[in-house]
Amino acid sequence: ILGKFSNNIVKVKKKVIYNDFLLISQFENVSKIQNDYYFFFQKLVSSLNLYFSNSNNKLHILLRRKKTLEQKKEIEFYKKIFHFSCVFHKASEWKKSYEILDKFENIIFMHSTLGYEAISRKKKVAIFPPKKSRNTNFWFGWPAPFQKKYNFFTAKNLSLSEIKRVLNNVHNCSKAN
């Protein structure tokens, strides 16, 4: 019921990786875009760097870009910020994105359709929505009113303590919860 019809076409496969996180990339080429959304994303990635540098959990990144040259820029962006080794996943076709998503129990995203679709695929998600982007207000579940119960898996800000709180909540909670 959530997302595109393609989400319902691809059969959900059992996850394989329990303790690691998959970040759904929201990378935009900085030369093309200079706005609140990009700066929010850059701050989020910097905070994730601090969290995963001091964590036993591993970070995997589902790359956004399909073209080789753009993927190279995307990978370089992450390598400049992350001071630990992370694993990059490339989806050559739309179906592959769902297959990669299904391998993970813990998903991190900002404001991605695939991230919302992960919820319907019964994944535990950590959501870091930008408060404002392109002169539009955003929050989890937008345009519905924000509900306080969402604070368990969404962040109020991008401080290290808030990032840690949300990621630990998602990682440590049972799938049923």
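# Helices, rings and a few residues

Mentor: The protein chain has 6 helices and 7 strands; helices are DSSP runs of H or I with at least four residues, strands are DSSP runs of E with at least two, and the numbering starts from the N terminus. This is a predicted model, where local features need pLDDT of at least 70, side-chain atom pairs count only at pLDDT 80 or more, and totals for chains, interfaces and linings use all residues. Residues are numbered from 1 along each chain as its sequence is written, and side-chain values use heavy atoms, with hydrogens and water left out.

Trainee: How are helix 4 and helix 5 oriented to each other, oblique or roughly parallel?

Mentor: Their axes come within 11 Å and cross at roughly 55°; axes are lines fitted to C-alpha atoms, for helices over the stretch in contact, with angles from 0 to 180 degrees between N-to-C directions. Under 35 degrees is roughly parallel, over 145 roughly antiparallel, 65 to 115 roughly perpendicular, and the rest oblique. Helix 4 and helix 5 are therefore oblique.

Trainee: Which residues make that contact?

Mentor: By class, the contact of helix 4 with helix 5 has 4 nonpolar, 1 polar and 1 charged residues (Ala, Val, Leu, Ile, Met, Phe, Trp, Tyr, Cys and Pro are nonpolar; Asp, Glu, Lys and Arg are charged; the others, Gly among them, are polar). Helix 4 gives S97, Y98 and L101, and helix 5 gives L114, E117 and A118.

Trainee: Staying with S97, which residues is it in contact with, leaving aside neighbours within four places in sequence?

Mentor: S97 is in helix 4 and counts as buried, at 11% relative accessibility. With those neighbours left aside, its contacts are L62, K66, A91 and L114.

Trainee: On to the rings. What kind of aromatic pair do F21 and F52 form, edge-to-face or tilted?

Mentor: The structure holds 12 aromatic pairs, meaning rings of Phe, Tyr and Trp (its six-membered ring) with centres within 6.5 Å; planes under 30 degrees apart are stacked, over 60 edge-to-face, the rest tilted. F21 lies in strand 1 and F52 in helix 2, so this pair ties together parts that are 31 residues apart in sequence. Both F21 and F52 are buried. At 5.7 Å centre to centre and 75° between the planes, the pair is edge-to-face.

Trainee: How about Y78 and F88: what angle lies between the planes?

Mentor: Y78 lies in helix 3 and F88 in strand 3, so the pair ties together parts that are 10 residues apart in sequence. Y78 is buried, with a relative accessible area of 0%. This tilted pair is 6.3 Å centre to centre, and the angle between the planes is 45°.

Trainee: Which residues is I75 in contact with, apart from neighbours within four places in sequence?

Mentor: I75 also sits in helix 3, and at 16% relative accessibility it counts as buried. Its C-alpha atom is 7.7 Å from that of F88, 13 residues away along the chain. Its contacts are L63, F88 and K90.

Trainee: What's the phi of K122?

Mentor: Most residues other than glycine have a negative phi. K122 lies in the loop between helix 5 and strand 5 and is exposed, with a relative accessible area of 60%. Although K122 is not a glycine, its phi is positive, at about 65°.

Note on methods:
Buried means under 20% relative accessible area, exposed over 50%, partly exposed in between (1.4 Å probe, protein chains only). Contact means heavy atoms within 4.5 Å.
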